[in-house]
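Open the model in your viewer and keep the sequence panel beside it. The stops below are meant to be selected one after another.

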Amino acid sequence: MPVPGQTVTWSVIFMTAADFGVSVLLSTGACHTAIGMLGIVLFGCISAGFLVLICLHHQNQAQIDFKVPFVPLLPAVSILINVLLMMHLAPITWLRLLFWLSIGVAIYVMYGMKHSVEEHRDISDGISKSTTYESMVSDQTVSASVQAP
């Protein structure tokens with residue numbers, strides 16, 4: 001049985017990959033050739049196809065305090081713009097990112113090994129209930145309806 005939202009997850013991954021293809025062709029100047037234009041159209045159609053697939057997926061209609069406007073169009077456009085901007089970064093910027101990211105991950109892992117709550121947890125307590133957004137919303141809805149007179 002497929003996991004809920006798995007189609008959307010894979011669609012976003014493939015849409016981002018297609019946006020990456022468009023961005024590479026635009027940032028390298030290949031868009032001035034016929035093959036480059038064909039590539040941009042091909043990657044653009046792939047990206048648009050996955051956007052349509054995301055649009056066809058069931059949208060959450062729950063009343064919450066804040067929702068991103070124009071979902072999924074605005075997030076898709078922002079992914080494209082951000083990938084385009086990233087393609088214009090200098091290679092030294094990417095090297096600096098990898099350097100500082102590796103230092104940050106090393107500190108995180110070393111600190112986490114010594115200060116992990118899971119490391120010191122008593123196994124006899126059993127497995128704790130995982131809290132997801134859906135379980136929190138359903139628990140709050142149930143507790144609110146029980147408390148209401």
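A residue is called buried when its relative accessible area is under 20%, exposed when that area is over 50%, and partly exposed in between, using a 1.4 Å probe and protein chains only. This is a predicted model, in which local features need pLDDT of at least 70 and side-chain atom pairs count only at pLDDT 80 or more, while totals for chains, interfaces and linings use all residues. Residues are numbered from 1 along each chain as its sequence is written, and side-chain values use heavy atoms, with hydrogens and water left out.

Start with Ser11, which sits in helix H1; helices here are DSSP runs of H or I with at least four residues, strands are runs of E with at least two, and both are numbered from the N terminus. Ser11 is buried, with a relative accessible area of 2%. Beyond its neighbours within four places in sequence, Ser11 has contacts (heavy atoms within 4.5 Å) with Phe50, Leu53 and Ile54.

Next, select Asp19, which belongs to helix H1, residues 6-27. Is Asp19 buried or exposed? Asp19 is buried, its relative accessible area being 3%. Apart from neighbours within four places in sequence, Asp19 is in contact with Ser47, Ala76, Ile79, Leu80 and Val83. Asp19 and Val83 are 64 residues apart in sequence, and their C-alpha atoms are 7.0 Å apart in space.

Now select residues 34-56, a span that is 100% helix and 0% strand, with its end C-alpha atoms 33 Å apart. Then move to residues 68-87, where the span is 75% helix and 0% strand and the end C-alpha atoms lie 26 Å apart.
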